[in-house]
Amino acid sequence: MDRALVPGLLIAALLAILGLALLMPDPPAPAGARLPWQVSLSADGATEVFGLTLGISTLADARTLFGESGELNLFRAGTEQAPRLSVEAYFARLHLHRLRADFILSLAIPPERLTAAYARGLRISQLPSGDKKVRLAPEDETAFAAAPIRAITYLPQARLDPALIERRFGQPAQRLVESEGGIVHYLYPDRGIDIALAADGETVIQYVAPAAFDTLLAPLEARALDQRTPSM
């Protein structure tokens, strides 16, 4: 055989194998896998994802699940007259079933407890957005570990595309395109999912309880350029 033909034949064979692999269905996920598209509802309608149930599972549960403590901070947005306080736990570079991502867990904490925690904050830093980031006092760090998780923001390292999103999550009930930046939001209100896809494939996935989906939808509609439902 002409040696000059060998590289070409090898490349052709590899391309053929790759083509067959793309046509084959995905292998089933192993038992216990926690994948971002494996989203279900509990008996009372709460979103279940990553082995956590929104509104029920606590920060302590997530720490046990992830094997990490995460970074817990209080944030202050809004104005002096109408401040908005929230507490978030940030987990960087976690691996779940070979998928690497960052997680942000928003906690459900009564406003009066947030106000008291803000007053006890050890250090306040200004963020580029103008919001303030507050380091919590030790007693609040400990107490908030028992707070339930209100929402999850999932920041995958991998870049996604529309075809992959619809393959994994199904057809969205609605799509919204932000007027600035062109970010497309794939909305699944029945499961409490908002997938934001940038032009470069960077993706942010938010999970909330379906009953709280309007808290995601209202600000999106306010800055939406286009709104449409998928064709059947």
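## Basis of the report

A residue is called buried when its relative accessible area is under 20%, exposed when it is over 50%, and partly exposed in between (1.4 Å probe, protein chains only). At 2% relative accessibility, Y188 therefore counts as buried.

The model is predicted, so local features need pLDDT of at least 70 and side-chain atom pairs count only at pLDDT 80 or more, whereas totals for chains, interfaces and linings use all residues. Residues are numbered from 1 along each chain as its sequence is written, and side-chain values use heavy atoms, with hydrogens and water left out.

## Aromatic pairs

Seven aromatic pairs are found in a search of the whole structure. Rings of Phe, Tyr and Trp (its six-membered ring) pair if their centres lie within 6.5 Å; planes under 30 degrees apart count as stacked, over 60 as edge-to-face and the rest as tilted. F50 and Y207 form an edge-to-face pair, with 5.6 Å centre to centre and 85 degrees between the planes. F50 lies in the loop between β2 (47-49) and β3 (52-53) and Y207 in strand β13 (residues 203-207), so this pair ties together parts that are 157 residues apart in sequence. Helices (H or I, at least four residues) and strands (E, at least two) are DSSP runs, numbered from the N terminus. Both F50 and Y207 are buried.

The pair of F169 and Y188 is tilted, at 6.1 Å centre to centre and 40 degrees between the planes. F169 belongs to helix α5 (residues 162-169) and Y188 to strand β11 (residues 184-188), 19 residues apart. F169 counts as buried because its relative accessibility is 6%. One aromatic cluster is formed by F50, F66, F91, F103, Y154 and Y207.

## Strand β7

R123 is placed in strand β7 (residues 123-126) and, at 51% relative accessibility, counts as exposed. Leaving aside neighbours within four places in sequence, R123 is in contact (heavy atoms within 4.5 Å) with K133, V134 and R135. The C-alpha atoms of R123 and V134 are separated by 5.7 Å, although the two residues are eleven apart along the chain.

## A charge over a ring

The charged end of R168 sits over the ring of W37, 4.4 Å from the ring centre. This term requires NZ of Lys or CZ of Arg within 6 Å of the ring centre and within 35 degrees of the ring normal.
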